[in-house]
Amino acid sequence: MSDRKNALAVDFVGGALIGGAVTALTMLMAPKKKPFTPQVELLPQPKNPKCKLVHVGFTSPEGDPCGAPYNTDKNKHGVRYDAVGIANGCIEAGASCVLFQYDAKKPEEAQKYLDQFDGFIVRVNPGQLSNPGCPAGAQEVFDNMMREFVKTGKPVWSSPDVQIQMGAKDALVKINNMNCGLPDTFAYYEEKELVEGFKKTAAFQPRVIKQNRGSAGEGIWLCWLQDKEYCKKFGDAVLQDSDKLKLMEMNDNHVEYHTVKEFLEFCVNGPGGKAGKWNSAFPGKYLEGGKEAGGQLVDQRLLPRITEGEVRMLMVKDTLFQIIHKKPVEGGLSAVGGINIPTFYAPNAPEYKDLRKKFEGHDIPQLLKAMNLDDQPLPLLWTGDFIPADGEKPGSTVYIVGEFNCSCVGITFFGKGCGPDKDYNDVADDAFAEGMALCELIGKKAVEGVKEFKK
């Protein structure tokens, strides 16, 4: 029997809260030298750790604890599928790191336990603590707990404020004067702003309208004028309610034709009535709840070279780990969501040398300040998705960011180990080795981050 099969058992003994009991995952087999053999359990903790880290997870109380409908990011051991890899990467970097499953019904007990740690790797998707079975207000209680840790000089990756502000679409407005931004990017929080702004921008050039919620292209609309010429200068014309639009939603690239009035009505109040009939699987109402609840739309210039695909920068804190070029499938216009063909590049790929230089060297150091997050740590694992555009010099290319994501970015190398009957033993050796290379960088940057963030 292979080492991989021998590693299936999991032993829970002292160290991290799971379901209210003090437990931890521990190694049942000797640690392997590189290249790694997939390990189900944690490596032995260092005797004199550089710092004490904790991986914070959460299991929704209702449904399958290892699967649908609320725990689809778990493996058969009931923890997030990439949790052990991340923790082992931290241990390899000289830190101690245990796994902790937060119990929403026992926040005081959790905070008492967590006080001992120097840094927190939070792998709880926003909103999970509002799932059925969680106490009312559990998400707010957890977020405030993490905010208090940040105030004491302990980094939280990613902190609630960083997740909210970097993940919000209006982050694109805040960085519109950086190398990776577009100056003609606007945010709308109220119906009047939307109506006045969109009628002016869409009269000038094709636009992309992006809702704040969702991450797979739903509520992201490409907008073109129909049967009418664009004005030559911004502000020279304003669209009328009866003007016609061609619209494409990015989650599935389906096309709809509506008047300006119908589109704006759909954005504010949803389908039916004055908005007419829509084929979108999603309900519109993008301003619902107001700014505090995430109700907003961002209006950005449509970059025609989006058909060439998007470039994803996979970042570990301030360091580029991998570049992924996501090309639309044949006949598709956008690579948003899962509708793409990926090609992977090393961080030093010559094709993206200039993009890396500008983003790592210039934009990232200014990023948190631009979003009024100076007192927060840079995310530990996050992505930026870029769209190519023509540069000022003929034949040159610049890249414009379309979205940041720092909310529980998954380690896809370990993806085959996700599921109610899966773990690392189901991950191919080469994928596991790549995943652990990423986790080791995460560990190194986490140790570095604890030192940098102490106040």
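**Cavities and a helix pair**

Searching the whole structure turns up four cavities of 30 Å³ or more. Keep in mind that this is a predicted model.

Let's start with the largest cavity, which has a volume of about 120 Å³. It is lined by 15 residues, and the closest to its centre are V122, R123, W157, S158 and L381. Sort that lining by class and you get 11 nonpolar residues, three polar ones and one charged one.

Next comes the second largest cavity, with about 80 Å³ of space. Its lining includes N179, C180 and F386, and two elements, α9 (353-370) and β17 (397-405), each give two or more residues to it. Helix α9 provides the largest share, five residues. By class, the lining of the second largest cavity splits into six nonpolar, two polar and three charged residues.

Now for a pair of helices. Two packed helices are described by the angle between their axes and the distance between the axes. Take helix α3 (residues 107-114) and helix α4 (residues 138-151): their axes come within 11 Å and cross at roughly 20°. Angles under 35 degrees count as roughly parallel, so α3 is roughly parallel to α4. The crossing of the two is right-handed.

Which residues make the contact? On the α3 side they are P107, Q111 and L114, while α4 brings V141, M145, M146 and F149. Six residues in this contact of α3 with α4 are nonpolar and one is polar, with no charged residues.

Key. Residues are numbered from 1 along each chain as its sequence is written. This is a predicted model: local features need pLDDT of at least 70, side-chain atom pairs count only at pLDDT 80 or more; totals for chains, interfaces and linings use all residues. Side-chain values use heavy atoms; hydrogens and water are left out. On a 1 Å grid over the protein atoms alone, a cavity is a set of points where a 1.4 Å probe fits but cannot get out, and a pocket is an open set with protein on both sides within 12 Å along at least five of seven lines; lining residues have an atom within 4 Å of a point. Grid points are joined across faces, edges and corners, and a volume is the space filled by probe spheres set on the points. Ala, Val, Leu, Ile, Met, Phe, Trp, Tyr, Cys and Pro count as nonpolar, Asp, Glu, Lys and Arg as charged, and the others, Gly among them, as polar. Helices (H or I, at least four residues) and strands (E, at least two) are DSSP runs, numbered from the N terminus. Axes are lines fitted to C-alpha atoms, for helices over the stretch in contact, and angles run from 0 to 180 degrees between N-to-C directions. Angles under 35 degrees count as roughly parallel, over 145 as roughly antiparallel, 65 to 115 as roughly perpendicular and the rest as oblique. A crossing is left-handed if the near helix is turned anticlockwise from the far one by less than a right angle, and right-handed if clockwise. Contact means heavy atoms within 4.5 Å.
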